[in-house]
Amino acid sequence: MQFHHHGYVSGDPRVQPAAGVGLHRPEELPEEVDVLIVGTGPAGMIAAAQLSQFPDVTTRIVERRGERLAIGQADGIQARSVETFQAFGFAGRIIEEAYRITEMCFWHPDPEDPSRIARGERPEDDPAGISEFPHLIVNQARVLDYFAEFMAHAPTRMRPDYGYEFRGLERTDDPERPVTVTLVHTTGERAGQEKVVRAKYVVGADGARSRVREAIGARMQGDQAFHAWGVMDVLAVTDFPDIRLKCAIQSGAGGSILLIPREGGHLFRMYVDLGTVSPDDRGAVRRTTIEQIIAKANAIMHPYTVDVRDVAWHSVYEVGHRVTDRFDDVPLEELGTRAPRVFIAGDACHTHSAKAGQGMNVSMQDGFNLGWKLGYVLSGRSPESLLSTYSAERQVIAQNLIDFDKEWSTLMAKKPEEFANPAELADFYVRTAEFPAGFMTQYPPSMLVAEPDHQDLATGFPIGKRFRSAPVVRVADANPLQLGHQHRADGRWRVYAFADAAPGETSALGAWAQWMAESPQSPVATHTPEGADADSVLDVKVVYQQKHVDVDITRVPRLFLPRSGPFQLVDYEKVYAAHPDEDIFEMRGVDRGAGCVVVVRPDQYVAAVLPLEDTNALAGFFRRHLLEVNRQPVA
């Protein structure tokens, strides 16, 4: 964490100085905003948190509840989400309080007595080392709390506006704020009164029964599995030996349970199989009582018993797999003719079972994807056409999720005798681990993602996939650290220059750095606003092949030692060397002879891999989605 560059900081360094709209933020929800976000779930909160880093963008997030969420339905935090939390500065703290999944146990009917269950497979949760971050279980409410804290500490001093319910919206001819939203107060003396807000853009993150989705005419498409599950968070006494391990339990008596230990050492969640639901059930299964769910759980777990002492929360749901036909307000027949103004995210555009632990995780990536794009358009950094990439990128991911969840939830609902091999469920869990962990997302070529013409220069950084971290050593202070962990959710692009093998003055890296610093065609020159720090849009870093003690910091190109803040202090935290024990060049397949440039989006996805010599390609890539502001070169 960097601070003091604007003057001595004696308090919490996580609290950024107020700036822009945060200097005089009105307590009351204003009648005019740039972005109005509806719903304080994971998708809405991460979008708001990202937008809180854009000081000149007025963003407000409204919630029909009168206060923060006390207990949430979601709890599974996949490794990709923890990577994201690292970017927002709270991964370490949430890991400390969360339950960490390291293994999963699979229980089957005992072959000698099928009325009893017996432990079977016990695979590691991440045997392939997909990520340095763990798979966690923590209440959704705590995740939202951390995003709320990040927003409150941001330059815009953002915080949720509680007690407003969305009633409707309409597009108008107002060229500045063309979306008029009608809200209704839900609490206090003004309960029932309307509030009208005019916005440039609206984000509907208002859940599976989204009124914003309904207002823009987007349609959920998919089917229902006609299978019901009871879910409960409980405190209980039990003789089941694996009560503090994640378990998939299949009973010979019929039915199955997904057991999820919760944070705190005592609470646990059970998804209890309630069986097939008749098409003409008309919601009767949802009236299943907590006592019936507990009884069903005990029947499945025979010969073990669960004596429930307290129920923190419970519900009954039917599995459905649906995704909307679009994620914004541009009808399919009008694609490419106008820019979107209203977006939907999270459960508002994809619903599925809870057992794969994907709802909150995928929803957050929706909001992360959209948040920085809105910030760039509203701050004048990118053209409005950038916003069309949100639906194009995230709808495909949602469909992939639906397809995966159909297979997983179908396997979970199968009876033991329907499996050709008792280990089939465990095998599927291990074989597909990368998908639920959040690492299979790969965006196709677009204005934001380059063609993989030079992928061979860095095979371990697949274009379109998230930037996979690796150890390096920071040259200035000899600190070993993870390179990807330096990628903060501050809205900036990252440009990583991996050094070639040529020495000193003859290196391709040296010529590239000089061009980036001095050429009027450099993306640093053309896309950084006048008067702003040189790294305010593009955060350019270098990774050398040699040991850190062999890198002479005085000979490092000045591009990688930029000056920032009112005192123009030198930033020494952009120069890295390969770690002696875990060489990033080897781990990520970086060409040692040629070196390369790896461009990473603000939401941590690799956008391009390019040769150091092809400066025209680098300049051309950024011109596709960043506006030119005619800044002077760094020199």
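Me: Before we look at any side chain, what is a polar contact?

Reply: A polar contact is a pair of N or O atoms within 3.5 Å, and within protein one of the two must be able to donate a hydrogen while the other accepts it. In this predicted model, the side chain of asparagine 361 makes such a contact with the side chain of serine 81, at 2.5 Å.

Me: Where does asparagine 361 lie, and is asparagine 361 buried or exposed?

Reply: Asparagine 361 belongs to helix 7, which spans residues 359-378, and with a relative accessible area of 5% this asparagine is buried. Leaving aside residues up to four places away in sequence, asparagine 361 touches Gly76, Ile77, Gln78 and Ser81.

Me: How should I read an interface between domains, and which values describe the one between domain 1 and domain 3?

Reply: The size of an interface is often given as the accessible area lost when the parts come together. Here the area buried between domain 1 and domain 3 is about 1,500 Å², and carbon and sulfur atoms give 44% of that area. The contact involves 19 residues of domain 1 and 16 residues of domain 3, while the centres of these two domains, taken over C-alpha atoms, are separated by 32 Å. In the domain assignment, domain 1 is made of the segments 20-89, 138-221 and 322-412, whereas domain 3 covers 455-624.

Me: Which annotation is recorded for residues 441-627?

Reply: An unreviewed UniProt entry annotates them as "domain: Phenol hydroxylase-like C-terminal dimerisation". Over residues 441-627 the chain is 16% helix and 21% strand, with its end C-alpha atoms 27 Å apart.

Me: What should I look for in the backbone angles?

Reply: Most residues other than glycine have a negative phi, and most peptide bonds are trans. Glutamine 568, although not a glycine, has a positive phi of about 50°, and glutamine 604 has a positive phi of about 80°. The peptide bond from histidine 302 to proline 303 is cis, with omega near 20°, and proline 303 lies in the loop between helix 6 and strand 16.

Me: How many disulfides does a search of the whole structure find?

Reply: The search finds 0 disulfides. Cysteine 247 has as its nearest cysteine sulfur that of cysteine 105, which is 4.8 Å away, and cysteine 247 counts as buried because its relative accessibility is 0%.

Note on methods
Residues numbered from 1 in each chain as written. Predicted model: local features only at pLDDT ≥ 70, side-chain atom pairs only at ≥ 80, totals over all residues. Heavy atoms only, no water. UniProt positions renumbered as here; feature names shortened; annotations may be inferred. Helix = DSSP H or I, 4+ residues; strand = E, 2+ residues; numbered from the N terminus. Disulfide = S-S within 2.5 Å. Buried < 20%, exposed > 50% of the residue type's maximum accessible area, 1.4 Å probe, protein only. Contact = heavy atoms within 4.5 Å. Domains from an automatic or database assignment. Buried area = accessible area lost by both parts, 1.4 Å probe.
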